[in-house]
Each structure stands twice: as structure tokens, then as C-alpha cells.
Amino acid sequence: GIAMDLAKRQVSIADIAAHGGEIRAALEKDGKLNLQRLAPPADDSTPAAKPAASASDSRAWRIRFGQIALDRHALQVEDRRHGKAPPLALSDLSLKLRNLDNAPGSQSLLDLAARAGKRGQLKLSGPFVAQPFSAKWKVDVRQFDAAFARPYFTDYLNIELASVWLGAKGEVAIATSPKTAVHYRGNLAVNHLHAIDKLNGADFLKWRALALNGINVQSEPLRLDLNEVALSDFYSRLILSKEGRLNLQDIVVQNGQAASVTTAASTPAAKPAQIASAPVKAREPLPPIRIGRITLAGGNINYTDNFIQPNFTANLMDMGGAISGLSSRSDTRASVDLRGSVDHIAPVTVAGSLNPLAQPMFLDIKAAVKGYELAAASTYSAKYAGYGIEKGKLSMDVSYFIENGQLKASNHLNL
């Protein structure tokens, strides 16, 4: 049923139901959703005792819906602020809105379920206030293909995301008054990520599964508390330059100049053991951050060090272990205990302590390879040195130390 009060400028609609429809929405260039024009905001600034509305009354109408129910709909949202972005398309959409009211402070209920792409599923449910907007929703997202978002950041990165799937389960609270604030509690999954070098197409970073469990993050004031991070079946290309700079710092385009994140020039070899040092650039302190534990399993790290002499490259396989106790507090140290092998031949260990989140950052890490069979490198030595290697073993100890803004590294070889 529909009820209208001309004097109070109010319209009440008991129920709207639709089946099998299609909704096309768009974010205009001013950032507003075009559908907002269908329900102009109510004006509650007029005193209640004002006489009945006249022809010149400029008050906005108050519009109330008892329930809006959409079943098996399709939704397409176009972002007209960004011409390269493909529309977000949802199918098999079921939506229920209860007690929808455009009067400021009126609380409504949302229940939304939809499919995104071939595998993705999205569910949102809980109360919200339309004006000023605030919400407290339960979130359940599974196998959401985030590839549609690539155009928003690709111009700013030296990598290209070939694939990435997102999942989340938790509760999100959103407020827009007196200022915008977001608070999320729950879990997050980033799966099947594959990032490649934009310049040469080489693999830079990929993994099967990344789980972030026990998240408690808020924007006002900004802080992050995270119980556990679990990364499995991953590959990374890491390079430490001759200036002591990690290629991870080159993911973002600097000064409009594209750069490769998977290649680096080496420097001439020097004596077998040498200590090198370089300043570490200071940065602004981070907000409060705590990460209880990071566990790694099934890792392959292709690491090149052009900082210490002689330069070396190590193909670290089956890397696993844990980093425990990360925090942005300067008086804390996280412990590192990682183990694996070099080319499935010689065992490798990485151990020590660090605090990369504090200012100034601290790092004291030692890595060791014991008994690498040099015969396994015979093919490479024959190609680049002109002779093969019949037998022999190599052991190596590497250390990295950062304190008071200074990086020191050393490399000791035993043949």
C-alpha cells in the first residue's frame, strides 16, 4: 500500500518486490552514485509547528519503504571517473531492504547476496543509516576476482597483476560523521596472486594462498592488530642492489620512470670475504601495528645480492618457518627462524631478530649454507668459465645488520 501526506510532504510505500530484473548504476565524475537522485535527502531543519506546505514550500519530501525485495537480479556498476575501469558485474543478486527511510538518523536493514564472475560469492547483512551514512555489516566474500580493479593502480606500479582472488569474513563498521571512519574485525584471504615485471614479463611474486587471521584494523585513529599471517606455496624474486636497496622498494613508480623489479646489474667480484656498509634512509614512524606470527611454507626465493662482495645468487627452495612478534614499537624485536635448501642440495638456515616496522628499523640476520655440491654447478661453470667442476663443496655464511640507520653486511665462503 501507498500512503501520502501532502501537508507533511511524506510518502510511505509498504512493499516493493521485483524478480529477474537488471540494474545499471554509475559513479559519476563528481563521485556520486546516479541512483541517489531517485531519493533526495529529507530536510529536518524546518520546525515541526510550521503550517501545511504551500506551493512555495521548498522542503524535501520524506520517503519511506517498508521493504524492498529484489530476487535473481543483475547489477552492473560503471565508474565514469575512470575510463579504463571495466564495470563491476554481479549476477543472481538477492537484495532485501527493510525500513528504508531518507530522514536523517533512520535505521534500515540490509540483506544482500550475489555472485561475482564465475566463482565469486558476496554476502552483506546488517543495519545501516542512510543519512548521514553509517553501517555495521557482516561480510562474507569468497573467490572474488579482483582483476577488475587493476586499472586503478597499474599506472603507479612497476608490476602487473596477472591474477589475484580475494576473500573476507568478518564485520565492518563504517561511519561518515563527524569524519569518515572504518573498522574491520575478521579474516582476509589473498589467493592465487601472480605479479609479473611490467617491463619484461618475468615472474616477480606469486603464491597459492595468503591468509590473514584475527584482523582488528581501524582508520580513526589508524591502527592494526593481526594475530596470524600464513603464506604457502610462494615464489619471490629478491634483489639487493649494490647501493643496499631491495627491489621491493621499486614496486611503486618513482618520478614517473618505469623500472624493472626482476633484473639488476652486478658489480665486479672481490675478495671472498668483505664487509660492506651503506646508510638506510629514515622514514616517518608507522601507526601502531602488531602482527603476532607469520608462518611460511613451500617457499621458493630466488635471491641475488649485489651489495656484498663477491656477488652471489641463491635459489632457495622449500623455505618454511616463522617470524614471531612483529610490532611498530621500537623496544620490541621479532624472532626469525627459517629453513630450506639451495637447489634441493644443501640445507640453508636463516635466523636472527628484526624490527622493520619501528623507526629506526633494526635487523640482525644470519644465513648459512652448508656443504653445497659444486658438481651441481658444473653446467654453469662450463658455460661461463670455460671448465666444469668434478667435485668439491661450498659453505657460506652471510650476515646483515641494521642499526642507527646503517646497513652492514658480510659474506664468508669456505671451499
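1. Let's start with W137. At 13% relative accessibility, W137 is buried (buried means under 20% relative accessible area, exposed means over 50%, and partly exposed is in between, with a 1.4 Å probe and protein chains only). Keep in mind that this is a predicted model, where local features need pLDDT of at least 70, side-chain atom pairs count only at pLDDT 80 or more, and totals for chains, interfaces and linings use all residues. Residues are numbered from 1 along each chain as its sequence is written, and side-chain values use heavy atoms, with hydrogens and water left out.

2. A pair of aromatic rings is described by the distance of the centres and the angle of the planes. Here, rings of Phe, Tyr and Trp (its six-membered ring) pair if their centres lie within 6.5 Å; planes under 30 degrees apart are stacked, over 60 edge-to-face, and the rest tilted. The count by this rule is 4 aromatic pairs. One of them joins F128 and W137, edge-to-face, at 6.1 Å centre to centre and with 70 degrees between the planes. F133 and W137 have ring centres 6.0 Å apart and planes at 65 degrees, so this pair is edge-to-face.

3. Together, F128, F133 and W137 make up one aromatic cluster. Which of these are buried, and which partly exposed? F128 is buried, with a relative accessible area of 9%, and W137 is buried too, while F133 counts as partly exposed at 29%.

4. Two rings have a charge over them (NZ of Lys or CZ of Arg within 6 Å of the ring centre and within 35 degrees of the ring normal). R119 lies over the face of W165, 5.6 Å from the ring centre. K206 has its charged end over the ring of Y235, at 6.0 Å from the centre.

5. Now look at H73, which is in strand β4 (residues 62-79). Strands (E, at least two residues) and helices (H or I, at least four) are DSSP runs, numbered from the N terminus. H73 is buried, with a relative accessible area of 7%. Leaving aside neighbours within four places in sequence, H73 is in contact (heavy atoms within 4.5 Å) with residues including H19, E22, L90 and D92.

6. Which strands does β4 pair with? Two strands pair if DSSP finds at least two bridges between them. Strand β2 (residues 10-19) runs parallel to β4, with 9 bridges, and I16 has I68 in β4 as its bridge partner. Strand β3 (residues 22-27) is also parallel to β4, with 6 bridges; the partner of E22 in β4 is A74. Strand β5 (residues 88-101) is antiparallel to β4, with 10 bridges, and L75 stands opposite L90 in β5.

7. On to the core. A nonpolar core is a set of buried Ala, Val, Leu, Ile, Met, Phe, Trp, Tyr and Cys residues joined through side-chain atoms within 4.5 Å. The largest one has 81 residues, and L110, F312, L326 and Y400 touch the most other members. Apart from neighbours within four places in sequence, F312 contacts Y303, T304, D305, M396, V398, Y400 and N411.

8. Finally, the whole chain. The protein chain has 2 helices and 20 strands. Of its 415 residues, 37% are buried. Among contacts with a separation of 6 or more, 57% are between residues 24 or more positions apart.
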